[in-house]
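Let's take a walk through this model together, one stop at a time. Keep the structure open beside you as you read.

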Amino acid sequence: MRIAVSGSIATDHLTVFPGRFKDQLIPGQLDHVSLSFLVDDLEVRHGGVAANIAFGLGGLGLGPLLIGAVGADFGPYEVWLKEHGVDTGGVAVSAERQTARFMCTTDQDANQIAAFYTGAMAEARDIDLTALFDEAGSAGRTGRPDLVLIAPNDPEAMLRHTRQCRELGIPFAADPSQQLARLDGAQVRDLVDGARWLFTNEYESALLLERTGWTCDEVLDRVGTWIVTLGEHGARAQRADGTALHVPAVPHVPVADPTGVGDAFRAGFLAATVRGLALTAATRLGCAVAAEAIRTVGSQTYEATPARLLANLTAAYGAEAAAEIAPHLAAAAAGEGGEVS
């Protein structure tokens, strides 16, 4: 089985502020904020939501197809991704722009202030999924994927790729997350309607309801399952049939860097569903992979080995829950695929 991930590919420039952002905000002066934070560390890491998720899926043995636009500076990053099981055959290289940049400062409470330079990502709208999948098939690889995850990207690319999935009859997952601030109501409705999986965090779930004008029930009527990540509180999942569950996060995990943790969760969750695990187990595996990501600085520095994931699962959910997932992690380590559930 094959998962394609369409979305941003970027370089992360991560800094740490040893104080608290909130202590620098003066009541009554917020209409003309001018702040500069003296930071202690700078980490330059591989990133971009789609690349982060593809990295996680590759580490879990699924060989995902990455789809996005980059600059001519992408060469070393491409080598890295290929070494970690990612098919970069869907990546277009811009002749004019550099690869996107994510610039983020994290304070001691794990709050973040960030900026994102679009760069070559603006050209992702020119990628035609129909032509790409046909070309992949003619090149001897699996052509059309079994699932396409539409992650944050150039807004027009997100809309185009969602519509093409519908036209091609390919199931898709919607992950508008950071781009919700840039999208209007009609665009968000177009991205969400018909998704097999919808991913947001807790704040984004409220923003999605505000943008669409839909109630929670109306969203659930239009998607297969809505997954909401809750940070240190884990994740919840809902379906229109009344299914509702909450899975707590792995406890007592030291926080090195929260950047990309939600992407790691998505990789673990989707890898579990591909291998036929039920919703609760899939959410647990997502939390277990997220726990590995949050221990390290950068979005693609963690190692989701079966031993580490099983330790997380046992600590959080017990030996029985870990035993349920263990055979699937063994299959991942062996590079075996699965089927979209």
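A residue is called exposed when its relative accessible area is over 50% and buried when that area is under 20%, with partly exposed in between. Keep those cut-offs at hand, and keep in mind too that this is a predicted model.

With that in place, let's begin at H252, which sits in the loop between β13 (244-247) and α8 (261-274). Its relative accessible area is 81%, so H252 is exposed. The backbone here deserves a look as well: H252 is not a glycine, yet its phi is positive, at about 60°.

Now turn to S177, in the loop that runs between β9 (172-174) and α5 (185-192). S177 also has a positive phi without being a glycine, in this case about 25°. Is S177 buried or exposed? Its relative accessibility is 6%, and therefore S177 counts as buried.

Our next stop is helix α10, which covers residues 306-317. With 12 residues at 1.5 Å a residue, α10 should span 16 Å, and the 16 Å between its end C-alpha atoms agrees with that. Which residues of α10 are buried? They are L309, N312, L313 and Y317. These residues lie on the same side of α10, because they cover an arc of only 95° around the axis. Just after α10 comes G318, where phi is positive at about 100°.

From here, let's look at the empty spaces. Rolling a probe the size of a water molecule over the atoms shows where such space is left. The second largest pocket holds about 250 Å³ of space. Its lining is made up of 16 residues, and those nearest the centre of the pocket are G59, Y302, E303, A304 and T305. Two helices, α1 (49-59) and α11 (319-333), each give at least two residues to this lining. Sorted by class, the pocket lining has nine nonpolar, six polar and one charged residues.

The largest cavity contains about 40 Å³ of space. Around this cavity you will find L60, A271, A272, R275, L285, H328, L329 and A332. Helices α8 and α11 each contribute at least two of the lining residues, and α11 gives the largest share, with three. By class, the cavity lining divides into six nonpolar, one polar and one charged.

Last, the cysteines. How many disulfides does a search of the whole structure find? The search finds zero. A disulfide needs two cysteine sulfur atoms within 2.5 Å of each other. The sulfur of C216 is 19 Å from the closest cysteine sulfur, that of C287, so the two are too far apart for a bond. The surroundings of the two can be described with the cut-offs we started from. C216 has a relative accessible area of 27%, so C216 is partly exposed, whereas C287, at 6%, is buried.

Technical notes:
Residues numbered from 1 in each chain as written. Predicted model: local features only at pLDDT ≥ 70, side-chain atom pairs only at ≥ 80, totals over all residues. Heavy atoms only, no water. Buried < 20%, exposed > 50% of the residue type's maximum accessible area, 1.4 Å probe, protein only. 1 Å grid on protein atoms, 1.4 Å probe; cavity = no way out; pocket = protein on both sides within 12 Å on 5 of 7 lines; lining within 4 Å. Points joined across faces, edges and corners; volume = space filled by probe spheres on them. Helix = DSSP H or I, 4+ residues; strand = E, 2+ residues; numbered from the N terminus. Nonpolar A, V, L, I, M, F, W, Y, C, P; charged D, E, K, R; others polar. Expected span 1.5 Å × (residues − 1). Arc of directions from axis to C-beta.
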